[in-house]
Amino acid sequence: GLLLLAAALGVTAAARCPAPCVCDNLRSHVLCLNGSLTAIPDTIPELTRKLDLRGNSFMVIPAGAFLATPYLTHLDLQRCKMESLEEGAFRGLGRLVYLNLASNGIALLYQESLDGLFSLQQLILEGNRIEEIQPGAFGHLGSLTVLDLRANALVYLPDMVFQGLQVLRWLRLSHNALHVLGSEAFAALPALRRLSLDHNELQALPGEALARLDGATRLDLGHNPITYVAEEALAMASLRHLFLDHASLQDVAPNAFARSPQLRILDLRENQLQGLPPLAGAGGLIRVSLDGNPLLCSCLLRPFHKWLARARVQAEGACAAPPALRGRSLNSLKSPEMRCSRLQPSPRPTAPPEQPRATGSRQCPRGCVCSPDFHHGSCENRDLREIPRHFPEDTRLIDLRRNPFRTVPPDAFPGLKELVSLHLQRCSIRVLHPGALRGLESLVYLYLTNNHLSTLAAAAFEGAPQLAYLDLDHNAFTRVPAGAFRLLPNLISLHLQHNTIGELAEGDLAGARGLRWLYLAGNAIKHIASAALAPTKMLEKLQLEGNQLSEVPTAALWGLPALSELKLSRNPIKHMGDSVFLPVASSLQHLYLDNMGLEWISPHAFTGLGPKIRSLYLESNKMNNIPDMSNFTGLEILNLQDVPFHCDCQLLPLRRWINKLNLCVGATCGSPAEAQGLKVKLSTTFQTCPGWGQGEAGKTNPNKTKAASKPSKKKRSGKSPARGFRKSRA
């Protein structure tokens, strides 16, 4: 299919072009789309400028992977199932200006992960599962202007995390779970003009962190549970557009924006505001949007209404009460109409108390390195036998990887109330004692991967109530430690991948009521009890790939109204019956059913699924037909590679549907013999079928094929589903 496309576009394959790629020598482009590559090809022409590797299976990008292509300017690695970037993965790419790593499984960015990309201008990391960014990760990206971190799993931004991004103009952090921002998180962004923090978990306006952004002109804070904007809460000298829509605002202080003198547009739509005081400090305002608020147009609103007229500010919004004025626009009201009644105003919420900032002493354990700028302490690979003590009290990240501690005793981290991230990977830990984390009241991230833990007691987490990310991958668990999470009400992400867990039983996840992401890949799970997932009613991602399930765990999926991603890849599920995804049909967006040896799918297996499905992976299975998916109108990704379709008349509806899709699906005929190896779209076996000829026969005309390719080429220049780009999200 790629070769046919290449021929239609006048592209010739270079002698050195690696299979299954297509090389365009004239433009120095190489395309290796939606293939089965597991490593970066080492025969890519050295002078290649643009390399498109979307839809392959690299898992890990090793150090120096692109040393043979030093002239690259554009590199696209979307949907390549990558889980980690080795330090130095992109060294040698000093000319690269565009790097797209969207829709992978990257969880952590280390300090040297992006080393060598000093010409990079756009970095897209949208749709990964990045939980933490270590300060210094972007330190080598001095030319970056756009950084896209949307739709990841960030909860916390430490101080100076974006250090080095001297010319960054747009930072996109939407659709994460941010609720803690270091006061210096944005301190090193002198050129930033736009900051997107919408769709997060911020409960208060992070004024101290935002005050560092002197040049920012647009701030998006919508869809956060912010209830109150306090006096002088926002001090941004150049801010012109502020979006606080779809939050939980109940009140705004009169001088809330007094220290943002350039503010012109204030968007407060869809909040819980019954009114506003005169915003006397915001002298430059032009428009205030209040649509969707329960505005009480009584005498209490008169001062605000008079201020609007006096300051010549346009207001958008309508009265919700009293009944006589319901539906009236604010601009149409006259003061005498806004009469007093017995309704009393709700008391104004007080601003959340400021947390005291510990100055902390500057001591550091012997043999360790403590950074006062980053508030980090590192004792990595120092052959320590005991947990070191006496870190500065304001330390926020401690890296203790690769030390043979064996156990973590009670009260192992005294005096570290500000500690947010704790790294204990590869420490030979067998026991986490009760009270081991006592006193770590700000701890958000705990990494315990590659240890020897086989059990955990709930008491081990006593005193760490803010823990949101717990990584227990690559340990010795044979079952989920039942009840261990009942003291973790804020747990969002739980990693138990690559253990030897055999089943998921009722009660295993008791107490994990806030869990959103559950990673159980690479275990030996054969059974999931029907009530095993019942406590996790907020679950959004469930990853079960590489287990021993022989059927879809349909009964266990009931009661998960937010589940949007389900991975069942590499489970020995041979048959798929009726309505197996019905419990999550109203929310499911991403479904992975690849590499299962699937032999048969019921025509009604996908009952209930429809326009919400955005990606469906069915590659590398054994069935020769699939159910009708004509109502999957929202598809952005469909992978049907390595499925031996029987290209006879029964497959004609699928062939017609595929022809209408603006997607590269990779469907190939496995039989009959004369069609074997041909793309379903190109097979001539359908021409003898009843109903053939309704505009389809003409599509095999070479001249028409070539003509039809031209608009396709035009589409491929933009961010369209045809190129596999995700739809833009604010």
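Biologist: Which residues of helix α4 are buried?
Modeller: This is a predicted model, so keep that in mind as we go. Helix α4 runs over residues 652-660. Buried here means under 20% relative accessible area. The residues of α4 that count as buried are Leu652, Leu654, Arg655, Trp657 and Ile658.

Biologist: And what covers the buried residues of α4?
Modeller: Strands are part of the answer here. The cover over those buried residues includes β43 (637-639) and β44 (644-646).

Biologist: Let's move to Trp170. Is Trp170 buried, partly exposed or exposed?
Modeller: Trp170 sits in strand β13, which spans residues 170-172. Its relative accessible area is 22%. Buried would need under 20% and exposed over 50%, with partly exposed in between. Because its value is 22%, Trp170 is partly exposed.

Biologist: Which residue's side chain makes a polar contact with the side chain of Trp170?
Modeller: Leaving out neighbours within four places in sequence, Trp170 touches Thr145, Val146, Leu147, Leu192, Arg194 and Ser196. A polar contact needs a pair of N or O atoms within 3.5 Å. At 3.2 Å, the side-chain partner is Ser196.

Biologist: What separates the C-alpha atoms of Trp170 and Leu144?
Modeller: Along the chain, these two are 26 residues apart.

Technical notes: Residues numbered from 1 in each chain as written. Predicted model: local features only at pLDDT ≥ 70, side-chain atom pairs only at ≥ 80, totals over all residues. Heavy atoms only, no water. Helix = DSSP H or I, 4+ residues; strand = E, 2+ residues; numbered from the N terminus. Buried < 20%, exposed > 50% of the residue type's maximum accessible area, 1.4 Å probe, protein only. Contact = heavy atoms within 4.5 Å. Polar contact = N/O pair within 3.5 Å; in protein donor to acceptor, adjacent residues only side chain to side chain.
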